[in-house]
Amino acid sequence: MLHHHHAVRAFYRQTDWMFRVLGIIRGSQAMHAGLWQQARSHLAALRLIDETLLAAAQLAPGECLLDAGCGAGASANAIAARHDGPVIGLTIVPEQAKRARRGGPATFVCADYAAAPLRNASCDVVWMLESICHAPDKPALLAEIRRVLRPGGRVVIADRFAARSDLSPAECNQLRSWLRPWAMPDLVTVDELIALAETAGLHLRQRDDLTLSAGPSLRFLGHFAQLTLPAALVLRALRLQSELQIAAMRGCIAQTRTLNAGLWRYYLLVFSYQ
C-alpha cells in the first residue's frame with residue numbers, strides 16, 4: 001500500500017507542470033474531464049460536470065460534503081463558495097493540498113481517503129470525481145466510505161471503468177500501457193464496482209454512461225500529449241524531463257487510444273446508505 005501511495009504522489013508531482021498548462025488552456029485548475037453535451041468551451045464543460053454531480057448528490061444546506069481524492073481542490077472550492085455547510089477535501093499529495101488551500105474556502109487535509117481522519121457518520125455526501133480509479137483495495141475503500149456516511153448519505157462517483165470483464169490479454173496489455181504510468185492499479189467494470197458497493201452496504205440509485213459527453217475532454221488530454229511529446233523528448237535528452245514524465249505523457253496517449261478502441265467507458269454512479 002505504501003508503495004502505491006508513493007506511485008500516486010510521484011505521478012501527480014511529475015505531471016503537475018502538464019496540468020498547470022492545461023489549466024491555463026482550459027481556464028480552470030480542475031484535473032478531471034468535463035461534460036460537453038451543452039458546453040462550448042472546456043471551462044463550461046468542467047462546470048457542467050460539477051453541476052451534474054451536485055444535482056445527483058442532492059446536497060442540502062447544512063450537510064457535509066467530503067471530496068475523497070480532491071486533487072488541487074477545484075470542485076471542492078467551487079462547491080464551498082456557495083454551499084451553506086462544511087466541504088472537506090482529502091488528497092495524499094501534500095503539494096495538492098497546499099494549492100487547494102490557496103484556491104478557495106473549502107477545508108483540505110493531506111490524508112489517505114481509505115483511512116479518512118473523520119468520525120463515524122460525519123458526512124452526508126462523499127464525492128469521488130476520478131479518484132476511485134487510484135484505489136488498490138476498492139472493497140476497503142468502499143467500507144471506509146460507508147463508515148463516514150450518515151444514514152441517508154449519498155456517494156457520487158464519476159470515473160473510468162473497463163468496458164467488459166472478458167478483455168483479451170492483448171487488450172489488457174493496451175490498458176496497462178495507460179494505467180501503469182498513471183498509478184492506476186486496475187480498471188473494474190461498472191457492474192463489478194456496483195457489486196462491491198452493494199456488498200459494502202451501499203445501494204445503487206443512479207447509473208449513467210457519460211462516455212459520449214465526456215469524450216472531448218478525455219481525448220483532449222491525449223491530443224495535447226501527442227503534440228507536446230516531441231518537445232518533451234528533447235527536454236528529456238537535456239535532462240530537463242524525467243522518465244516518469246515521459247511515461248505519463250505516453251499514458252495520456254494510451255488513454256485516448258484505448259478509449260477509441262472501446263476498452264473502457266466513463267460512468268456516473270450514485271449510491272445511498274440507509
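Colleague: Which helices and strands each supply at least two residues of the lining of the largest pocket?
Modeller: In this predicted model, helices (H or I, at least four residues) and strands (E, at least two) are DSSP runs, numbered from the N terminus. On a 1 Å grid over the protein atoms alone, a pocket is an open set of points with protein on both sides within 12 Å along at least five of seven lines, unlike a cavity, where a 1.4 Å probe fits but cannot get out; lining residues have an atom within 4 Å of a point. The elements that each give at least two residues to this lining are α1 (2-14), α2 (16-26), α4, β2, β4 (123-129), α6 (138-148) and α9 (211-237).

Colleague: Which pLDDT must side-chain atom pairs have to count?
Modeller: Residues are numbered from 1 along each chain as its sequence is written, and side-chain values use heavy atoms, with hydrogens and water left out. As the model is predicted, totals for chains, interfaces and linings use all residues, local features need pLDDT of at least 70, and side-chain atom pairs count only at pLDDT 80 or more.

Colleague: What volume does the largest pocket have?
Modeller: A volume is the space filled by probe spheres set on the grid points, which are joined across faces, edges and corners. For the largest pocket this gives about 650 Å³.

Colleague: Which residues that line the largest pocket are the closest to its centre?
Modeller: Helix α1 gives the most to the lining, with five residues. The lining has 50 residues, and the closest to the centre are Tyr-12, Gly-69, Glu-130, Ser-131 and His-134.

Colleague: Is Glu-130 buried or exposed?
Modeller: Glu-130 is found in the loop between β4 and α6. Its phi is near 60°, a positive value in a residue other than glycine. Buried means under 20% relative accessible area, exposed over 50%, and partly exposed in between (1.4 Å probe, protein chains only). Because Glu-130 has a relative accessible area of 8%, the residue is buried.

Colleague: Which residue of β2 is the bridge partner of Leu-65?
Modeller: Two strands pair if DSSP finds at least two bridges between them. Strand β1 (residues 65-68) and β2 are joined by four bridges in the parallel sense. The partner of Leu-65 in β2 is Val-87.

Colleague: What is the handedness of the crossover from β1 to β2?
Modeller: A crossover is right-handed if, with the strands pointing away from the viewer, the path from the first strand over the helix to the second runs clockwise. The chain passes from β1 through helix α4 (residues 74-80) to β2, and this β-α-β crossover is right-handed.

Colleague: Which residue of β3 is the bridge partner of Leu-90?
Modeller: Strand β3 (residues 107-110) pairs with β2 in the parallel sense over four bridges. Leu-90 has as its bridge partner in β3 Val-109.

Colleague: Which residue of β7 is the bridge partner of Arg-154?
Modeller: Eight of the 10 residues of strand β7 (residues 264-273) are buried, so this strand is largely enclosed by the rest of the structure. Strand β5 (residues 149-162) pairs with β7 in the antiparallel sense over 10 bridges. The partner of Arg-154 in β7 is Ser-272.

Colleague: Which residues of the largest nonpolar core touch the most other members?
Modeller: A nonpolar core is a set of buried Ala, Val, Leu, Ile, Met, Phe, Trp, Tyr and Cys residues joined through side-chain atoms within 4.5 Å. The largest has 61 residues, and those that touch the most other members are Met-18, Leu-53, Leu-175, Trp-178, Leu-187, Trp-264 and Tyr-266.

Colleague: Which residues does Leu-187 touch, not counting residues up to four places away in sequence?
Modeller: Leu-187 lies in the loop between α7 (169-179) and α8 (190-199). At 14% relative accessibility, Leu-187 counts as buried. Contact means heavy atoms within 4.5 Å. With the sequence neighbours set aside, Leu-187 touches Arg-160, Phe-161, Ala-162, Leu-175, Trp-178, Leu-179 and Trp-264.
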